[in-house]
Amino acid sequence: MSRILRIVSYIGLIALIPAGSVQGQQQPQFATTKVEGTDNVYTFRYQGSLAMFIVTSQGVIATDPIGYGRPEATVTYLAEIRKITNQPIRYVIYSHHHFDHIAGGKPFKDAGARFIAHRRVKERLQILQDPHTIIPDDTVDDRRTIRLGNTVLELIYMGLHHSDSSLVMFLPREKIIFLVDSIPVGSLPGRSMIDSYPLEWEEFLSKITALDWERLIPGHPGAGGRLGTRQDARDILAFLQHASAEVKPLAREGKCWDIVERDLKLPKYAGWQGYENALPLVLRRYCGLWGRGT
Ligand SMILES: [Zn+2]
């Protein structure tokens with residue numbers, strides 16, 4: 001082969017390699033990861049959603065089925081657990097009532113799991129009758145302790161915040177919490193504001209730092225797949241307080257909804273993920289609060 005021909009075929013090869021592989025930026029559709037420093041706590045990520053499961057000698061505790069609009073996610077979730085253990089799936093615990101985290105649980109139900117959630121989840125699901133979402137078998141009011149094998153998992157209701165049905169799942173020995181949509185990891189809350197209670201959310205974020213945890217498994221991982229920290233809780237509290245304080249006087253001058261949503265910027269947070277798209281949704285929620293009383 002002449003030198004020129006060799007160069008041409010080399011260029012041809014480069015063209016055949018998909019751009020994603022060259023840049024190494026495409027993440028696989030799903031991933032199952034043992035949480036560092038634990039014996040039996042895992043995360044299951046499907047696209048941008050995350051669930052936690054715990055494998056014990058007496059069975060498996062799983063959380064959110066994350067099958068909204070993609071039943072194959074839940075099928076994969078169960079198959080991934082099955083690669084680790086043949087123990088029965090004893091419980092599926094819902095983080096809160098939003099379908100993007102809890103739809104698609106049928107494969108777990110068929111596997112014999114008992115579904116647990118806060119009382120308000122059951123009340124809402126009974127009204128909504130979503131065909132893809134399993135209604136819980138048991139409910140929690142303020143607190144319930146699940147003991148299975150050597151695992152202790154506390155289910156704690158700490159009032160209104162991202163929703164009216166959100167549970168904090170606390171592993172005291174591992175100092176880990178699983179909590180969904182209440183402490184975004186390096187991003188603005190955006191659509192998480194729609195069903196939220198902003199003032200109570202601030203109170204909740206003050207209370208959650210009093211619990212003895214070090215790591216947060218969130219419903220959506222941060223950049224590079226990172227879990228959350230106590231600093232993320234403090235950061236989101238500061239963000240909510242800041243947004244609230246900015247909107248309040250404008251709302252009282254009658255600038256809600258349109259002027260605030262279009263013109264108000266919070267440049268301090270421009271580096272957070274999703275800033276451009278999420279900011280108007282944050283402002284809308286505070287316009288609802290300070291401009292309408294809702
Ligand atoms: Zn939610």
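Two strands count as paired if DSSP finds at least two bridges between them. The legends below describe close-up views of a predicted model.

**View 1. Pairing of strands β2 and β3.** Strand β3 (residues 49-56) runs antiparallel to β2, and 6 bridges join the two. Within this pairing, Val41 has Ile54 of β3 as its bridge partner. The hairpin of β2 and β3 has 2 residues between the strands, and Gln47 in this hairpin adopts a positive phi near 50°.

**View 2. Pairing of strands β1 and β2.** Strand β1 (residues 30-34) is also antiparallel to β2, with 5 bridges between them. Opposite Lys34 stands Tyr42 in β2. In the hairpin formed by β1 and β2, 6 residues lie between the strands, and the turn includes Gly37, whose phi is positive at about 85°.

**View 3. Burial of strand β2.** In a regular strand, side chains alternate between the two faces of the sheet. In β2, Val41, Thr43 and Arg45 on one side are buried, as are Tyr42, Phe44 and Tyr46 on the other, and both faces are covered. Strand β2 (residues 41-46) is largely enclosed by the rest of the structure, because 6 of its 6 residues are buried.

View 4. Helix α8 (residues 230-252) has 23 residues and should span 33 Å at 1.5 Å a residue; its end C-alpha atoms are 33 Å apart, which agrees. Buried residues of α8 include Ala233, Ile236, Leu240, Ala243, Val247 and Ala251. Among the elements covering the buried residues of α8 are α7 (198-208), α9 (258-263) and α10 (275-292). Just after α8, Gly254 has a positive phi of about 85°.

Note on methods:
Residues numbered from 1 in each chain as written. Predicted model: local features only at pLDDT ≥ 70, side-chain atom pairs only at ≥ 80, totals over all residues. Buried ≥ 20, exposed ≤ 12 C-beta atoms within 10 Å, placed from the backbone. Helix = DSSP H or I, 4+ residues; strand = E, 2+ residues; numbered from the N terminus. Expected span 1.5 Å × (residues − 1). Contact = placed C-beta atoms within 7 Å.
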